[in-house]
Amino acid sequence: MSHMTQISVVIKDMAALEAACNRLGLNLCRTKKEARYYGHNTKQCEAVIEVPTTAYDIGVVKYSDGSYRLEFDSYDMEGRQIEKKCGKGLGLLLQAYAAEKTKKEARIKGFTTTEERVEDGTLRLRLRRAIA
């Protein structure tokens, strides 16, 4: 049975989410309000993340507190294609979001950032206070 899975990470910054999508070659479409999933079903949402080469989308669902959650169908081959591009449980997308949000907040607070991918796949961010 196919269904939409909710990812429990809270998204609060759509600009950082869009930057994360761009890093992974995804398209955040803010005007699209229905995410596609199994059997030509759709899910109402605030925005849609389109994943190239798949027939399904990732829905960006807005909650009453103003935050967003990501929902997608991971059940069949199309869902597995989403996870292939975005990581299991959307892990790569969430990692990219965390990196983009951290870099944005660091710049606001006067830090510069560098980023590197460690051998085990971990993303390492280094923050340095800008010298005045």
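Colleague: Let's start with Leu-90: is Leu-90 buried or exposed?

Modeller: Bear in mind that this is a predicted model. Leu-90 sits in the loop between H2 and H3. Its relative accessible area is 0%, and buried means under 20%, so the word for Leu-90 is buried.

Colleague: And what is phi of Leu-90 near?

Modeller: Most residues other than glycine have a negative phi. Leu-90 isn't a glycine, yet its phi is positive. The value is near 65°.

Colleague: How are the buried residues of H1 arranged; within what arc do they fall?

Modeller: The buried residues of H1 are Met-14, Ala-16, Leu-17, Ala-20, Cys-21 and Leu-24. In an α-helix, residues three or four places apart point the same way, because there are 3.6 residues a turn. Looking down the axis of H1, its buried residues line one face of the helix, since they fall within an arc of 155°.

Colleague: What about the ends of H1? Which residue follows H1?

Modeller: At the start of H1, a side-chain oxygen of Asp-13 comes to within 3.0 Å of the backbone nitrogen of Ala-15. After H1 comes a residue with a positive phi, near 75°, and that residue is Gly-25.

Colleague: You listed Cys-21 earlier. How many disulfides are there?

Modeller: A disulfide needs two cysteine sulfur atoms within 2.5 Å. The count comes to 0 disulfides. Cys-21 is in none, as the nearest cysteine sulfur, that of Cys-86, is 7.6 Å away, too far for a bond. Cys-21 is buried at 0% relative accessible area, and Cys-86 is buried too, at 0%, but the number of disulfides is 0.

Colleague: What does the side chain of Lys-85 reach at 3.1 Å?

Modeller: Lys-85 is in helix H2 and is partly exposed, with a relative accessible area of 35%. Leaving out residues up to four places away in sequence, Lys-85 touches Leu-24, Gly-25, Leu-26, Val-51 and Leu-92. Lys-85 and Leu-24 are 61 residues apart along the chain, with their C-alpha atoms separated by 7.6 Å. What the Lys-85 side chain reaches at 3.1 Å is the backbone oxygen of Leu-24.

Colleague: Last one: which side chain does a polar contact join to that of Glu-71?

Modeller: Glu-71 belongs to strand E7 (residues 68-72). Glu-71 counts as buried because its relative accessibility is 7%. Its side chain makes a polar contact of 3.4 Å, and the partner is the side chain of Lys-43.

Technical notes: Residues are numbered from 1 along each chain as its sequence is written. This is a predicted model: local features need pLDDT of at least 70, side-chain atom pairs count only at pLDDT 80 or more; totals for chains, interfaces and linings use all residues. Side-chain values use heavy atoms; hydrogens and water are left out. Helices (H or I, at least four residues) and strands (E, at least two) are DSSP runs, numbered from the N terminus. Buried means under 20% relative accessible area, exposed over 50%, partly exposed in between (1.4 Å probe, protein chains only). A polar contact is a pair of N or O atoms within 3.5 Å; within protein, one must be able to donate a hydrogen and the other to accept it, and residues adjacent in sequence count only if both atoms are side-chain atoms. Contact means heavy atoms within 4.5 Å. The arc is that of the directions from the helix axis to the C-beta atoms.
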